[in-house]
Amino acid sequence: MWTEVTSPHFVVRTDLPDAAGEALARRLEEARATMLAVSWPHEPDPAGRTHVVAFRSDRELAAVRHGILGEWIKQPPFRPTLLLAGTSELGEDDSAAAHEIAHDVSHRFLPFQPIWYSEGLATFFEALTYDRATGRARVGVATPGRALYVGRGWSSEAVIRAHQYPPAGRALGIFEVRSWLIFHYLFFNRGPQLAVFADRLRALTPWDVAWDQAFPDLPFAKLDHELDGYASDHLFRTATAQLTIVVGAIAKRPLRLPAHRP
């Protein structure tokens, strides 16, 4: 049976068991709040709820969108929607959910952003953790899959200048890893400049002009050199924060198919 679980910022339609559906909504709220506290601490909370369809298994999602564990779909005039799968166990890895939430949240602040920035931010936040008991949040964790391939693939210029995603599969995976590396490096080593870049994008400045304004001292050749050293050390920093996240009320109701009328 499908259920609609509503929290302050999400409407989740799911065939997960009741307890798992409510737990998922709570974790989505905590992930969203963590992202806002880290990247947009002084901005007002974006209004409205994000719609989510959470399938019980990968197999169910594959019947709709093959080969993915999550996806953020934005097709105006329809509302943005997150598709998730494989979340049937409480406490299961939520990286796919966090990745797609990051896309949704970042586009509320930056409707137009280059794809490397979009993927870099989403992969940066996908391994976030929040300990409800202690209030300790952690972001920037280098997952094994990211850390393993950081030294391979595209140059920074090719990634940053890309106007479309590479084909799904290995090429897309390497592009995401390189985007993650660039964003991770800039976040921890050139944070104020990265914030200027985001501000320029928010003002609808073309990305290449925004890049030159924010990073006048960072030509692509120098960035590649710095990334090579950053990746070779494999000593990726993380950021922690003490947060008090109050999720608020969570409601649920069964969803039933309309009666058949001949």
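Okay, let's start with S7, which touches A25, E29, R49, A249 and I250; that leaves out residues up to four places away in sequence, and contact here means heavy atoms within 4.5 Å. S7 sits in the loop between β1 (2–6) and β2 (10–14). S7 counts as buried because its relative accessibility is 1% (buried is under 20% relative accessible area, exposed over 50%, partly exposed in between, with a 1.4 Å probe and protein chains only).

A quick word on what we're looking at. This is a predicted model, where local features need pLDDT of at least 70, side-chain atom pairs count only at pLDDT 80 or more, and totals for chains, interfaces and linings use all residues. Residues are numbered from 1 along each chain as its sequence is written, and side-chain values use heavy atoms, with hydrogens and water left out. Helices (H or I, at least four residues) and strands (E, at least two) are DSSP runs, numbered from the N terminus.

Now, helix α9, residues 207–214. Which of its residues are buried? Those are W207, A210, W211 and A214. They cover an arc of only 100° around the axis, so they end up on the same side of α9; that arc is taken from the directions from the helix axis to the C-beta atoms. In general, an α-helix has 3.6 residues a turn, so residues three or four places apart point the same way. The buried residues of α9 pack against α4 (115–125), α6 (156–160), α7 (170–189), α8 (191–202) and α10 (220–233).

Setting aside neighbours within four places in sequence, R161 is in contact with W207 and F220. R161 is partly exposed, at a relative accessible area of 41%. And the C-alpha atoms of R161 and D208 are 8.2 Å apart, though 47 residues separate them along the chain.

Last stop, α4 and α7. Their axes are 7 Å apart, and the helices pack at an angle of about 80° (axes are lines fitted to C-alpha atoms, for helices over the stretch in contact, with angles from 0 to 180 degrees between N-to-C directions). So α4 and α7 are roughly perpendicular to each other; angles under 35 degrees count as roughly parallel, over 145 as roughly antiparallel, 65 to 115 as roughly perpendicular and the rest as oblique. Residues making this contact include W116 and F124 of α4, and W180 and F187 of α7.
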